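Look at the model below, chain by chain.

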Amino acid sequence: MIDIQIKQEPLSLNDCMTFVQEESVGGIVHFVGTVRNQTQGKKVLRLEFESYIPMAKKEMKKIAEEILKKWDIKKIAIHHRIGVLEVGEIPVIITVSAAHRKEAFEACQFAIDTLKKTVPIWKKEIFENGEIWVAAHP
Amino acid sequence: MTIEIIAFGIAKDIFKKNKLIFEIEEKTTVLSLKKELIKKFPELKKLHSFLIAINEEYAKDIYEIQQDDIVVIIPPVAGG
């Protein structure tokens, strides 16, 4: 029902798809996060992600469990990558399958919104002339 | 008692290391630990927020830290 992964290697949309697919599924929604080339006009060279992995996995599992309680969802995969990511690479994939699309869209949005608030993962943006921990300061 | 505090993200930069050995009194709560940390590392106050995790769960301010607890400082998260 739930597949949680945090890894250094590139993420696979196909792995997520394969995990959530089953005959009772009528719709699958993916959220795919990608590394953007700029932040507020500043050119981003790359991102560096780190995580408190055991706790992050627990928090990701909590999100998935809450989703299974709140929405009529079949399966959910939440995969997050850590380490150094270049522009265009994929730090996160969330894939949700359901009998009907409405639940899948809502649950997927909830998952990424909550992940950004609760899961202990940090990212540093590396610019041409400096670096910054994202969201650290008001 | 002596505890070890593990740091990630910007907290690691502020401590200038990823593990901090810290002396606290018996029955120190999470809230008073946070205050002590801010006293020693004023940079922490400039953060949007920071939380303490105990044994891989977000800890409440009133929790009293035990000798064997795994204490981790959690600066503002930014996954995704």
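A:Val20 is buried, because its relative accessible area is 0% and the cut-off for buried is under 20%. Keep in mind that this is a predicted model.

**One residue in chain A**

Where does A:Val20 sit? A:Val20 belongs to helix H1 of chain A, which covers residues 13–20. A:Lys75 is 55 residues away along the chain, yet the two C-alpha atoms are 5.1 Å apart. Set aside the neighbours within four places in sequence. A:Val20 then contacts A:Val25, A:Ile28, A:Lys75, A:Ile76, A:Ala77, A:Thr95 and A:Ser97.

**One helix in chain B**

Now turn to helix H2 of chain B, residues 30–40. Which of its residues are buried? They are B:Val30, B:Leu33, B:Lys34 and B:Leu37. Seen down the axis of H2(B), these residues fall within an arc of 100°, so they line one face of the helix. There is a general rule behind such patterns. An α-helix has 3.6 residues a turn, so residues three or four places apart point the same way.

B:Lys35 and B:Lys39 lie on the other side of H2(B), and they are exposed. What covers the buried residues? The cover includes these elements of chain B:

| Element of chain B | Residues |
|---|---|
| Strand E1 | 2–7 |
| Helix H1 | 9–15 |
| Strand E2 | 19–23 |
| Strand E3 | 51–54 |
| Strand E5 | 71–74 |

**Where the chains meet**

Chain B brings 22 residues to the contact, and chain A brings 28. Together the two chains bury about 2200 Å², with 58% of it on carbon and sulfur atoms. On the side of chain B, B:Glu56, B:Val77 and B:Gly80 lose the most area to chain A. Together they make up 29% of what that side buries.

How many salt bridges link chain B and chain A? The count is three. One pair in a salt bridge is B:Lys12 and A:Glu50, with 2.8 Å from N to O between their side chains. Across the interface, 14 residue pairs are in polar contact.

Which elements of chain B supply the side that touches chain A? H1, strand E4 (57–58) and E5 each supply at least two residues. H1(B) gives the most, with four residues.

**How confident is the prediction?**

Chain B has an average pLDDT of 96, and 100% of its residues score at least 70. The model scores ipTM 0.95 and pTM 0.96.

Note on methods
Residues numbered from 1 in each chain as written. Chains lettered and ligands numbered in written order. Predicted model: local features only at pLDDT ≥ 70, side-chain atom pairs only at ≥ 80, totals over all residues. Heavy atoms only, no water. Buried < 20%, exposed > 50% of the residue type's maximum accessible area, 1.4 Å probe, protein only. Arc of directions from axis to C-beta. Contact = heavy atoms within 4.5 Å. pLDDT = per-residue confidence, 0-100. Buried area = accessible area lost by both parts, 1.4 Å probe. Salt bridge = Lys/Arg side-chain N within 4 Å of Asp/Glu carboxyl O. Polar contact = N/O pair within 3.5 Å; in protein donor to acceptor, adjacent residues only side chain to side chain.
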